[in-house]
Amino acid sequence: MISKRYAELPPLPERINRLEELAVDLWWIWHPQAREVFRQLDYPLWRHTDHNPVRMLRVVARERLEAAAREPGFLALYDRALADLEAARQARDTWWSDRYDGTHGHCIAYFSAEFALHQSLPIYAGGLGVLAGDHCKEASDLGVPLVGVGFMYPQGYFHQHLSTEGWQEERYERLDWADAPIEPAVTPDGRPCVTAVPLGDRTVLVAVWRVRLGRVKLYLLDTDLEENAPWDRELSARLYGGDRETRIQQEIVLGIGGVRALRALGSRPAVCHLNEGHAAFVVLQRIRDLLEEGASFDAALDQVRQTTVFTTHTPVAAGHDAFPFQLVEKHLAGCWGTLGEHRSRFLSLGEYTGPGGSQFNMTALAIRTSGTVNAVSQLHGHVTREMWAPLWPGTSEAQRPVGAITNGVHVPTWLSAELSGLLDRQLGTDWRERHDDPALWDRLRDVPDEELWQVRQALRGYLFAYLRERARQRWAEDHAAISSVVGAGLLLDPSALTIGFARRFTAYKRPELIFHDAARLAALLSARGRPVQIVFAGKAHPADDQGKHRLQEIYRRAIDPAFGGRIAFLDDYDLHVAHFLVQGCDVWLNTPRKPLEASGTSGMKAAMNGVPHLSIGDGWWAEAYNGANGWLIDGGVSGDDQAAADAADAAALYRLLEDEVVPAFYDRGPDQIPRRWLRIVRESIRTVTPQFSARRMLKEYVDGMYGPIYRQVEAAALQADR
Ligand SMILES: *Cc1c(COP(=O)(O)O)cnc(C)c1O
């Protein structure tokens with residue numbers, strides 16, 4: 001049943017027959033020596049497949065493989081990459097094992113509706129997925145015994161296409177499974193893992209796929225099995241694509257099916273981490289399991305609470321799933337089992353009165369059943385404690401048990417190869433191991449301006465080569481109108497100051513803020529000798545027409561001659577596009593309506609590549625801005641008058657651009673090097689990289705949350721052995 005869809009790769013020459021192993025372990029993504037193997041195997045194909053080694057191995061010419069198997073240079077690379085992979089998987093002395101050694105094989109189970117690991121696995125929509133993916137990669141690096149649980153959406157999230165009028169069209173493409181870096185997950189007795197989830201009055205079978213990330217494994221659930229009814233096969237087809245009924249059923253599959261799959265696979269979670277409320281039904285299955293072992297409801301709830309960790313990700317009300325009780329009752333009908341007599345107690349754990357009246361709220365459920373709860377920036381911590389205050393009646397903010405761990409991004413994934421190479425030469429290669437140590441980054445002061453500027457110029461060059469190639473494809477393959485090609489960036493100038501703005505298109509992110517005074521902006525963009533340009537990218541949620549209108553507005557500006565061809569919209573934003581943008585722009589712009597940006601992470605990726613942040617003091621930037629590492633937009637107007645706040649923030653933004661950003665960039669000596677600018681670039685890299693790394697973040701999760709629980713669970717297991 002499963003093997004039908006999982007295609008075996010064609011046989012490889014004996015000498016290089018472990019290439020497949022290297023291709024299906026996503027460890028290669030953040031290890032340059034492994035990437036180099038595939039680049040050298042067939043560079044045009046590497047580019048043509050958007051860096052997808054599994055697809056490469058399916059289509060690469062047999063002669064090329066045989067030639068590679070005889071090239072000493074290639075073989076040396078291949079041997080080294082495999083040896084490094086082996087070493088990474090088996091290392092005994094990791095950061096984790098030095099602190100939290102265990103003997104019972106316990107793991108940390110991390111549940112998330114999306115994971116962004118690579119563009120070849122389109123099971124993510126945006127920031128939440130990127131955070132989950134980076135969390136897993138870092139866990140592999142630190143040796144944290146983490147196991148991820150999510151969905152294998154056969155159609156993933158949509159591809160964005162813009163009509164000639166700039167209206168977003170969503171295209172769903174069925175993933176060719178043979179091209180995806182997934183394998184069937186197998187149970188300890190060697191059989192493909194399939195688990196059953198009761199949904200309403202029926203049972204849905206769920207297949208489980210495995211993704212390898214060095215030491216970490218990710219298990220992905222999939223309902224598209226022949227045994228299931230057609231509508232059940234479609235349940236896991238798309239990420240965030242369905243209606244409320246689909247959504248709650250997906251969440252039941254994720255929570256209940258996820259716990260069952262881990263049990264079938266022989267995993268023993270010491271901690272369950274719910275990444276956002278989507279996964280909160282995990283606690284239902286766990287309580288039920290404990291009742292079956294003879295515990296009382298209170299004892300079961302208590303034990304689950306002690307071992308569950310929850311992270312909330314947004315202050316936007318619509319970002320928190322709530323369902324009418326009757327919908328919950330309908331779809332959970334088959335799930336109760338021994339929990340049946342406590343049904344009303346369980347349902348009351350999710351009861352919350354919000355804008356839609358009293359509903360079953362997944363965030364309320366997660367908060368009430370998790371012993372440790374955190375927000376994703378310090379400011380978001382305050383906002384969360386206020387937002388959910390009704391859960392702790394009569395308490396002051398300080399008494400409400402919600403902490404904060406500010407997000408971070410996986411440095412080896414996001415730092416460009418060019419900058420990494422410069423750091424290797426200037427800091428010594430130990431910077432890679434110690435990159436979350438702020439003291440190390442003081443060495444950046446010794447990096448010469450010339451070399452830093454060379455890296456910045458090279459990265460901008462790659463962005464423009466990429467933009468131009470995409471515009472050319474549109475022109476040649478889609479027979480696009482010339483205006484669409486202009487909108488895609490045809491007229492951009494590769495040496496001009498380039499502002500990047502890429503994120504989901506939604507009201508609170510205010511993508512249109514920079515157009516508040518169109519004439520002032522047009523003058524700024526086309527100032528003689530000091531041109532400025534803006535590259536936009538981002539998708540609107542398929543159901544968010546308001547977001548699509550905003551996007552269309554931006555597109556109209558991009559093709560409006562008044563802006564001189566200095567605005568572009570790059571469609572189909574994904575991880576691949578994000579890499580080019582966060583590395584290749586000069587400034588990264590963010591203009592959310594404060595305090596609705598919980599953290600934001602694209603600005604961190606940019607800042608550590610020497611692309612300073614120009615942002616409202618919301619989310620992570622409220623902690624990171626130090627007066628010298630970027631710019632803070634502050635119109636000084638808060639409160640309910642949104643129009644007044646918009647006008648003030650826009651004016652503050654123009655002032656910064658006109659008086660500080662543009663002059664610093666174009667202040668050049670006879671050698672054309674912008675030394676004033678490079679001081680900001682250097683300060684941006686120095687301050688942001690260690691502090692906003694996933695390494696710093698994961699260490700906080702481990703020391704503050706996972707570690708203490710893990711020790712207790714291990715100790716209890718030892719006790720039970722005696
Ligand atoms: C980093 C990233 C995001 C999240 O960026 P925000 O700044 O949090 O909006 C979204 N999508 C992609 C593809 C990313 O790489």
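Gly148 is buried, at a relative accessible area of 0%, where buried means under 20% relative accessible area, exposed over 50% and partly exposed in between, with a 1.4 Å probe and protein chains only. Gly148 belongs to strand β2 (residues 146-151). Helices (H or I, at least four residues) and strands (E, at least two) are DSSP runs, numbered from the N terminus.

Gly148 and Tyr110 are 38 residues apart along the chain, and their C-alpha atoms are separated by 4.7 Å. Apart from neighbours within four places in sequence, Gly148 is in contact with Tyr110, Phe115, Lys217, Leu218 and Tyr219; contact means heavy atoms within 4.5 Å.

## Basis of the model

This is a predicted model, in which local features need pLDDT of at least 70 and side-chain atom pairs count only at pLDDT 80 or more, while totals for chains, interfaces and linings use all residues. Residues are numbered from 1 along each chain as its sequence is written, and side-chain values use heavy atoms, with hydrogens and water left out.

## Domains

The protein chain is divided into domain 1 (2-88), domain 2 (106-405 + 700-721) and domain 3 (411-691). These bounds come from an automatic or database domain assignment. The C-alpha centres of domain 1 and domain 3 are 34 Å apart. Between these two domains, four residues of domain 1 are in contact with four residues of domain 3.

## Ligand site

The shell around the ligand takes residues from both domain 2 (106-405 + 700-721) and domain 3 (411-691), so the ligand lies between them. There are 14 residues around the ligand, and Lys509, Ala578, Thr601, Ser602 and Lys605 come nearest; a residue is near a molecule or strand if one of its heavy atoms lies within 4 Å of it. By class, the shell holds five nonpolar, five polar and four charged residues. In this division Ala, Val, Leu, Ile, Met, Phe, Trp, Tyr, Cys and Pro count as nonpolar, Asp, Glu, Lys and Arg as charged, and the others, Gly among them, as polar. The helices α8 (127-142), α23 (575-584) and α24 (602-608) each supply at least two residues of the shell.

Polar contacts are pairs of N or O atoms within 3.5 Å; within protein, one must be able to donate a hydrogen and the other to accept it, and residues adjacent in sequence count only if both atoms are side-chain atoms. An N or O atom in the side chain of Ser602 is 2.5 Å from an oxygen atom of the ligand. For the side chain of Lys605, the separation between an N or O atom and a ligand oxygen is 2.6 Å. A polar side-chain atom of Lys509 lies 3.3 Å from an oxygen atom of the ligand. Taken alone, the ligand exposes 380 Å², and the protein buries 93% of that. Accessible areas come from the Shrake-Rupley method with a 1.4 Å probe; for residues, only the protein chains shown count as cover.

Eight of the 10 residues of α23 are buried, and the helix is mostly covered. The buried residues are Leu575, His576, Val577, Ala578, Leu581, Val582, Gln583 and Gly584. Asp574 caps the N-terminal end of α23, with a side-chain oxygen 3.0 Å from the backbone nitrogen of His576.

Arg470, in helix α19 (residues 449-477), counts as buried at 19% relative accessibility. Not counting residues up to four places away in sequence, Arg470 touches Leu570, Asp571, Asp572 and Val577.

## Loops and backbone geometry

Leu491 sits in the loop between α20 (482-487) and β16 (497-502) and is partly exposed, with a relative accessible area of 48%. Leu491 and Gly565 are 74 residues apart in sequence, yet 5.3 Å apart in space, C-alpha to C-alpha. Residues up to four places away in sequence aside, Leu491 touches Val486 and Gly565.

Most residues other than glycine have a negative phi, and most peptide bonds are trans. The peptide bond from Lys594 to Pro595 is cis, with omega near 0 degrees; Pro595 is placed in the loop between β19 (587-590) and α24. His51 is not a glycine but has a positive phi of about 60 degrees. His51 lies in the loop between α3 (43-48) and α4 (53-59), and is buried at 17% relative accessibility. Glu276, also not a glycine, has a positive phi of about 80 degrees. Its place is the loop between β9 (268-275) and α11 (282-292), and Glu276 is buried, with a relative accessible area of 5%.
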